[in-house]
Amino acid sequence: MRRAFILLLMLVAAQLHGAELDKDLADFKRDVLEVNKRLLLLEEELLFPADTQVGIYVSLDVGHFFQPDSITLELDGEVLTSHLYTEKEIRALKNGAVQRLALANVKNGDHELTAFITGTGPAGREMRQGVTGHFDKNHGRHFVQLHIEDDTAKQQPRFRFRDWR
Amino acid sequence: MRMRGSLKGLVVGLLLLSSLSWARLDEPHQVQELAYGEVAYLYLKGDYFAALTRAQMALERGEVEIHKADMEVLLGAMYSAYGMPEDAEQVFNQLLDTQVSGEVAQRAWIHLAGLYYRQQKYQQALAMLDQQVGEPPAKLEEVYFSLRARVLMRLQRYEEAAELLDAFSEDHPLNAYLRYNLAISWINGKHPGLGQEWLWQLANMPPGDAQVNAIKEKAMLALAIYMLRSDQEDRALALLRDARLEGPFADISLLLYARALLIENQPRKALPVLQQLDTKSIQRLPVQEAQLAIPYLYEQMGDQRSARQAFETALDRFAGLQQYLLEVEADIASGEWFTAMVGEPRWSTAMDPVPPFLPRRVESFPTFYEWFATTEFQRGWNNYHELLRQKNLLTQWQEKLPAFETLMAAHRRKQDETRPAARALLDDLSQQDFQGRMTRLQRRYDEAVAKQDPLPFATDKERKLWEAQQNAEQRTEGWGKRKRPDVTAKLDFYKGVLLWEMQENIVPRQWERQHQLNEIDGLLDETRVLRSRVLFATYRSERLEDFSQELNTLTGELERLQKRGALLMRRQQYGLQASAYEQVTETRNRLKRFSASAHEGLADLYHRALRSSREREQAPDEAAPQSSAFPLQPPMGSSR
């Protein structure tokens, strides 16, 4: 009885397996991606409407003098988010990718951002750095970039906030 | 020998993909659009699903212009790596139908060729590389040549593949991998000598990371096998003496070493090697072979008693394993085996987005050891893992839906509260007719400028003086003949002076008024923007209705996808179970053959013992009576 069941199972599986299953899997992934995208768009519309949305991004150019370990971000004196970096994330940043650190809702007008960054500086020295910046929120989505760049003349990293245009 | 081959292939594939889609390293920033940078970040940190979704969002919302083509190449590459070849092909074909830069087109063609390679369409892949890509730019050389080398190897054009190896640096991980494959191809083909030489070089590479060490070990084993096959036993022996007794190739190394010793007629040295293997799990193939080899070895050494005991032990162990495999079969059929293998998947909230998903080391693990390393198993297992992740993702979304409803209700409440005030404000604005008033003012200004009429630009004081003068003129008109000529002249003089003063700086006055009108116009523009935003906000309730409908659709969609996912998971599970059953059947058939050999060996042993005993009985005077090496009753159930 058991053997018969197993044989039946094998036959069914063999029929359903292979190319057909691969195609069904690809179709399923496509549909899941589509639903995931629509849900994310809806979530963003509901949680962060364009008129109040501000996105804070981190980039590293090129990272010869600094490698981040963690970032704590404050918006108008309130901690917005903290992030610990993995090796892969650091590699991605060093390769020019841009990390979305946080999304938030703010009213129109002037706002203050402060980031506390820890990491490894020149000659492997541990560094802790604070950086403050302001942005003026108007209507529409607003993007601010925390840019960490190499200051080749001083052989030091330089941190600054800037509006992304 | 297949150990980890497929895994290595996957790793190499990923390496290629990542280097091709994102070839930049340690160069100044070139990302000019956030969305592209963000997708690249997700992609480079290995979160492919999130990267795919974000890329789709960015393209749908038109967030990329400068990097649109780059984004599409990345998207196609991710589709390809994510097991969605049709989507990848569509993206690349669409991209190549448009005007894109030469480098982007070359990257797309290489990806497309890579896709054909994965689909085993080697001729098409090669034709695409030769005809479409042509001479690759320096940035893409490595990727191009590695893909071309692999395609050529699949097409058994080894000489041409070998010529491409110079494109890689010696310490490049692909170099050793390609050299190994080429060496194996040569050994089995036209140039065994050259293959042996290359394997020797690979086996003697300095130790490196896990990949390099695995290739070293594989090269050494392949070399040993070749040497044993080609009558170079002494060299094989020397090579295998240094084999590592740990790791995935330890068993096969020990077995090969024992074989080499036996060929070299050194059974006493081979015995402890086989005995060492014998201490391991009988589920492993080399251990089963060792189990069968040991009694023959005793026999060869003339130790009949130990040979008989070893045969019996082998038969017992084979029978025990057969019994165990029957239980495994039952477990496979009932799904218990698969459940135990999967265990409790860990959905970590830690930094790594993809928790490792490996078959658990259940009791039957050694039976499937080699199968676990095959591409077939890895693909099925990874598919199952991916389905599990998708199911988890869908569940998370389903758990979030009530919160969406709450958010939507909050938005609706806020709308209901503010809408009446907003509507009243809009009505008020309409009644004020600011724009109409502004138009009229501008018209009056234009007329005054055209007529060079100074009065509209007069100051309050001048206006009062003008009015007083006009008054005086009217009053003097009423005096008739009593009006003195000098009064009229005086009034005309004052009027002239006033007009002259007003005309004197009329241009700055006009300019100032125009400036004021411009300011008002600017303010009206701002009001218009604000008005449109308020208007938009009052219609947000309609958008909320759209969101609500979208949410309902998505709720149904999520349920349907959950069901489809569960069905696909079952199908994938059945597929793996069917393959596992094949593995067990194969092992059981092998065990039957081994058991038959053991029975045969044991029977031969008894037969020889019996014959020598009879010979001694028939010629009692020729030699002194000797006791038999073991009792002459055959064991229960033994047969030829």
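This is a predicted model: local features need pLDDT of at least 70, side-chain atom pairs count only at pLDDT 80 or more; totals for chains, interfaces and linings use all residues.
Helix α3 (residues 48-60) of chain B and helix α4 (residues 68-81) of chain B have axes that come within 10 Å of each other, crossing at roughly 140°. The crossing of α3(B) and α4(B) is left-handed.

Who's touching whom here? From α3(B), the residues are Tyr48(B), Ala51(B), Leu52(B), Ala55(B), Ala58(B) and Leu59(B), and they meet Met71(B), Leu74(B), Leu75(B), Met78(B) and Ala81(B) of α4(B). Sort the residues in this contact by type and you get 11 nonpolar, no polar and no charged.

## Zooming out to chain B

Chain B has 25 helices and zero strands. Of its 640 residues, 31% count as buried. If you take the contacts in chain B with a separation of 6 or more, 63% of them come from residues 24 or more positions apart.

## A look at Leu491(B)

Leu491(B) sits in helix α23 (residues 485-504) of chain B. Leu491(B) counts as partly exposed because it has 17 C-beta neighbours inside 10 Å, while a buried residue would need 20 or more.

Leaving out residues up to four places away in sequence, Leu491(B) touches Gln469(B), Ala472(B), Glu473(B) and Thr476(B). Glu504(B) is 13 residues from Leu491(B) along the chain, and their C-alpha atoms are separated by 20 Å.

Conventions. Residues are numbered from 1 along each chain as its sequence is written. Chains are lettered from A and ligands numbered from 1 in the order in which they are written. Helices (H or I, at least four residues) and strands (E, at least two) are DSSP runs, numbered from the N terminus. A residue is buried if 20 or more other C-beta atoms lie within 10 Å of its own, exposed if 12 or fewer, and partly exposed in between; C-beta atoms are placed from the backbone. Two residues are in contact if their C-beta atoms, placed from the backbone, lie within 7 Å. Axes are lines fitted to C-alpha atoms, for helices over the stretch in contact, and angles run from 0 to 180 degrees between N-to-C directions. A crossing is left-handed if the near helix is turned anticlockwise from the far one by less than a right angle, and right-handed if clockwise. Ala, Val, Leu, Ile, Met, Phe, Trp, Tyr, Cys and Pro count as nonpolar, Asp, Glu, Lys and Arg as charged, and the others, Gly among them, as polar.
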